[in-house]
Amino acid sequence: MIVLVIGGSGSGKSEYAEKIICSMYEYSKRKDIQNSLFYIATMKVYGEEGQAKVERHRNLRRGKGFETIEQETNVENSVAHLHYKSDCILVECMSNLVANEMFTVSDECDDINDSSEQDNNFRVISEDEVVAKVTRGMEKLLSSVQNAVIVTNNIFEDTQDYDEVTAAYISALGRINFHLAKISDEVVEVVAGIPVVIKGGTLCQ
Amino acid sequence: MILVIGGHSSGKMDFVKEYLNYNFEKDNVINDINVLAEEMFESGMDYETAANNIYARCRVKIVLTDEIGNGIVPMDASKRDFREWMGRLQIILAKKSDEVYRVICGMGQKIK
C-alpha cells in the first residue's frame with residue numbers, strides 16, 4: 001500500500017506518517033512476514049537549524065526500529081539498501097528531494113552564509129527535467145517495496161508573488177504531488193495534527 | 001472550545017455565523033488568535049505555555065485561527081520559526097478542543 005501524507009509547516013504530518021508506517025510494519029510482523037522498516041531521509045542538513053530539525057525527527061523515531069538511509073538526491077539509489085520486497089519505507093520528504101534535485105551547488109560548501117560562493121556555483125535544473133527524474137525515481141522505489149508512506153509539503157497556499165525560479169520549484173513539486181497522489185492508494189492531509197482523508201480511507205482512520 | 005482553522009480569507013467568520021451557534025451579544029467568538037499568539041512568540045514564550053494560556057482564556061469560546069504553514073518556507077529565520085511554532089500550538093489547541101472545523105471556500109469540514 002502507498003500512502004501520501006501532505007501538510008504544511010508544523011502541521012504534525014511527520015508524526016502521523018510515522019504512526020501509519022509503523023502500524024503497517026507491526027501488522028506485517030504479526031503475519032510473520034520477513035521485512036525491515038526504513039526511513040529514507042532526503043533533507044540536506046544546513047547549519048544549526050537543520051541539525052535541530054534532524055534531532056527532533058530522530059527523537060520521534062527513536063526505539064521504533066527504523067533503519068535510516070540518507071538519500072538527498074537520486075532517490076532510486078536507496079533501493080540498493082533495502083532488504084526484502086516486503087519492506088516498509090517512509091520517505092521524508094518530497095519538498096527537500098525536489099529542491100535538492102533542482103538546485104545544486106557544484107562546490108560542496110557547508111557555509112550557507114557565504115553567498116558569493118553560492119551564487120557562483122549555483123545551478124538550476126529545469127522544472128520538466130526535475131519532474132521527470134523524481135517521478136521516475138519514486139516509481140522505481142515504490143515498485144521495490146510492499147508498503148510506503150511518502151511525506152510531502154503543502155507549499156501552495158500563499159501568494160504567487162515569487163521569482164521565476166521559486167515559481168518553477170512550486171510548479172514542479174505540485175506536478176510531482178499530483179502524480180504521487182494518482183498512484184497512491186491513500187492520500188491524507190494533516191491539519192493541526194488531525195488526519196483528513198482525501199483519497200481512500202480504509203487504513204488511515 | 002471549538003477550534004475553526006483555515007487559510008486567511010477562507011470564510012471562517014461566515015461559516016461560524018451561518019453554521020455554528022454564533023452569538024454576537026454574548027461575544028462567544030474569538031476572531032483570529034494569531035495576533036495574540038504572535039505577541040506570545042515574540043515575548044519568547046514556548047508553544048506549550050502559549051497554548052495553555054490561550055486555552056485558559058478561550059475554553060468556552062469558538063476560536064478562529066489562520067492556517068499559515070501552507071506556503072513557501074520564508075527566507076527570514078524568525079518568520080520560519082513562527083510558522084512552525086504556530087503549527088505546533090494549533091496541534092495542542094486541536095487536541096484540547098471538543099470540536100475542530102477546517103474551513104475552505106467558506107465550507108467547514110468537521111475534522112474532530
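Two strands count as paired if DSSP finds at least two bridges between them. Helices (H or I, at least four residues) and strands (E, at least two) are DSSP runs numbered from the N terminus. With these terms, β8(A) and β9(A) form a hairpin with two residues between them, and A192(A) in the turn has a positive phi of about 50°. The two strands run antiparallel and are joined by five bridges; V191(A) has I194(A) in β9(A) as its bridge partner.

This is a predicted model, in which local features need pLDDT of at least 70, side-chain atom pairs count only at pLDDT 80 or more, and totals for chains, interfaces and linings use all residues. Residues are numbered from 1 along each chain as its sequence is written, while chains are lettered from A and ligands numbered from 1 in the order in which they are written.

**Chain A overall**

Chain A has six helices and nine strands. Its radius of gyration (taken over C-alpha atoms) is 17 Å, close to the 17 Å that the globule rule gives for 205 residues, so chain A is as compact as a globular protein of that length. The globule rule is 2.2 Å times the number of residues to the power 0.38. Along the principal axes, the C-alpha atoms of chain A fill a box of roughly 55 × 30 × 30 Å.

Two residues are in contact if their C-beta atoms, placed from the backbone, lie within 7 Å. Of the contacts in chain A with a separation of 6 or more, 76% are between residues 24 or more positions apart.

**The sheet**

Seven strands of chain A make an open sheet with mixed pairing, in the order β3-β2-β4-β7-β1-β8-β9. β3 and β9 of chain A are the edge strands, each pairing on one side only. From one strand to the next the twist averages 20°. Axes are lines fitted to C-alpha atoms, for helices over the stretch in contact, and angles run from 0 to 180 degrees between N-to-C directions. Helix α6 of chain A packs on the sheet and touches β1, β7, β8 and β9 of chain A; its direction makes about 140° with that of β1(A).

| Element of chain A | Residues |
|---|---|
| β1 | residues 2–7 |
| β3 | residues 67–70 |
| β7 | residues 147–153 |
| β8 | residues 186–191 |
| β9 | residues 194–199 |
| α6 | residues 164–183 |

β1(A) and β7(A) pair in the parallel sense over six bridges, and in β7(A) the bridge partner of I2(A) is A148(A).

**Burial and core**

A residue is buried if 20 or more other C-beta atoms lie within 10 Å of its own, exposed if 12 or fewer, and partly exposed in between. Buried residues make up 40% of chain A. N153(A), in strand β7 of chain A, counts as buried because it has 25 C-beta neighbours inside 10 Å. Leaving aside neighbours within four places in sequence, N153(A) is in contact with C93(A), M94(A) and S95(A).

A nonpolar core is a set of buried Ala, Val, Leu, Ile, Met, Phe, Trp, Tyr and Cys residues joined through C-beta atoms within 7 Å. The largest has 80 residues; among those with the most contacts inside it are V5(A), V149(A) and V4(B). Helix α4 of chain B (residues 77–96) gives the largest share of this core, seven residues.

**The contact between chains**

Chain A puts 18 residues into the contact and chain B 22 residues. On the side of chain A, α6 and β9 each supply at least two residues.
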